Amino acid sequence: MKSKVMTRTDMTRHFRDGMSIMFGGFMGSGTPPAIMKMLFDSGVKDLTLIGNDTAIPGLGVAPLIEAGRVRKVIASHIGLNPETGRQMMAGEMEVELVPQGTLVERIRAGGAGLGGFLTPTGVGTVVEQGKQRMTIDGRDYLLELPLKADLAVIHAKRGDTAGNLYYRRSARNFNPIISLAAERVFAEVEELVNVGDLDPDMVMTPGMLVSGLITGDE
């Protein structure tokens, strides 16, 4: 079985200006620290970041935002990163705030190849702006469109050389969903094992979805 293990140099070759990147993590937990540092060190800019939140200063995706390398953020929460809010208010970066459940369903729809879905969340609020409202059986819904990305970066507790991944507790969060909705998926694992050493019942993201992986302690 072909190994998905990559060198950091080979992984970095796939980074480019203007790309859209989905990232796992709640306040940085579940966001791959080594891959985020690689993105930062590569100098890529004009990025679109898609994830639950923009972490806290100095953690996760925050350094990319602090360096002015992000064009747009699509997230459900930015309150713990003052720089995200400052850039949004100053017009330096576009921020699209999406209710958390809607955000994950838009990503899921993108991964499933769906054209969108209907939700009552946001009807009659600022969330409705620019969206189509539909009435079904007397109830109003908003049409939400799918989200996809050029790259998804995920962090797993354990993975085998074929790319099968296991997440530990809350670090699982968005990671399995974003691995379905990107053209390329790069994973960072804390523990790398051989094929067969990972209990199949523990696999949360199958290796067929993973384009390449590194270990965080390289």
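The second largest pocket is lined by Glu96, Leu97, Val98, Pro99, Val126, Val127, Gln129 and Lys131. About 160 Å³ of space lies in this pocket. Its lining comprises five nonpolar, one polar and two charged residues; in this classification Ala, Val, Leu, Ile, Met, Phe, Trp, Tyr, Cys and Pro are nonpolar, Asp, Glu, Lys and Arg are charged, and the others, Gly among them, are polar. The model is predicted: local features need pLDDT of at least 70 and side-chain atom pairs count only at pLDDT 80 or more, while totals for chains, interfaces and linings use all residues. Residues are numbered from 1 along each chain as its sequence is written, and side-chain values use heavy atoms, with hydrogens and water left out.

**Pockets and cavity**

Rolling a probe the size of a water molecule over the atoms shows where empty space is left. On a 1 Å grid over the protein atoms alone, a cavity is a set of points where a 1.4 Å probe fits but cannot get out, whereas a pocket is an open set with protein on both sides within 12 Å along at least five of seven lines; lining residues have an atom within 4 Å of a point. Grid points are joined across faces, edges and corners, and a volume is the space filled by probe spheres set on the points.

The largest pocket has a volume of about 180 Å³. Its lining consists of Gly28, Thr31, Pro33, Met36, Lys37, Phe40, Gly58, Leu59, Gly60, Val61, Pro63 and Leu64, which divide into seven nonpolar, four polar and one charged. Helix H2 (33-42) and helix H3 (62-66) each supply at least two residues of this lining, and the largest share, four residues, comes from H2. Helices (H or I, at least four residues) and strands (E, at least two) are DSSP runs, numbered from the N terminus.

A search of the whole structure finds one cavity of 30 Å³ or more. The largest cavity holds about 30 Å³ of space. Phe23, Gly24, Gly25, Met27, Gly28, Thr31, Asp53, Thr54, Ala55, Gly60 and Val61 line the cavity, and by class they are four nonpolar, six polar and one charged.

**Surface and loops**

Ile56, Leu59 and Leu80 form a nonpolar surface patch with about 230 Å² of accessible area together. Patches are made of residues with over 30% relative accessible area and no salt bridge, with like charges joined within 9 Å and nonpolar side chains (Val, Leu, Ile, Met, Phe, Trp, Tyr) within 5 Å. Accessible areas come from the Shrake-Rupley method with a 1.4 Å probe, and for residues only the protein chains shown count as cover. Ile56 lies in the loop between strand S2 (47-50) and H3. Its relative accessible area is 34%, so Ile56 is partly exposed; buried means under 20%, exposed over 50%, and partly exposed in between (1.4 Å probe, protein chains only).

Ser211 is located in the loop between strand S10 (182-193) and strand S11 (212-215) and is partly exposed at 33% relative accessibility. Ser211 and Glu183 are 28 residues apart in sequence and 9.0 Å apart in space, C-alpha to C-alpha.

Most residues other than glycine have a negative phi. Asp137, although not a glycine, has a positive phi of about 50°. Asp137 lies in the loop between strand S6 (133-136) and strand S7 (139-144), where its relative accessibility of 81% makes it exposed. Asp46, likewise not a glycine, has a positive phi of about 60°.

**Salt bridges**

A salt bridge is a side-chain nitrogen of Lys or Arg within 4 Å of a carboxyl oxygen of Asp or Glu. By this rule the count comes to 17 salt bridges, including those tabulated here.

| Salt bridge | N to O distance |
|---|---|
| Arg13 and Asp10 | 2.2 Å |
| Lys37 and Asp41 | 2.7 Å |
| Arg71 and Asp46 | 3.7 Å |

Arg13 is exposed at 59% relative accessibility, whereas Asp10 is partly exposed at 32%. Lys37 and Asp41 both lie in helix H2, four residues apart, about one turn of the helix; Lys37 is exposed at 53% relative accessibility.

Arg71 forms a salt bridge with Asp46. This pair links distant parts of the chain, with Arg71 in strand S3 (residues 70-75) and Asp46 in the loop between H2 and S2, 25 residues apart. Arg71 is partly exposed, with a relative accessible area of 40%, and Asp46 is partly exposed at 39% relative accessibility. Salt bridges that share partners also join Lys72, Glu94, Glu96 and Arg106 into one network.
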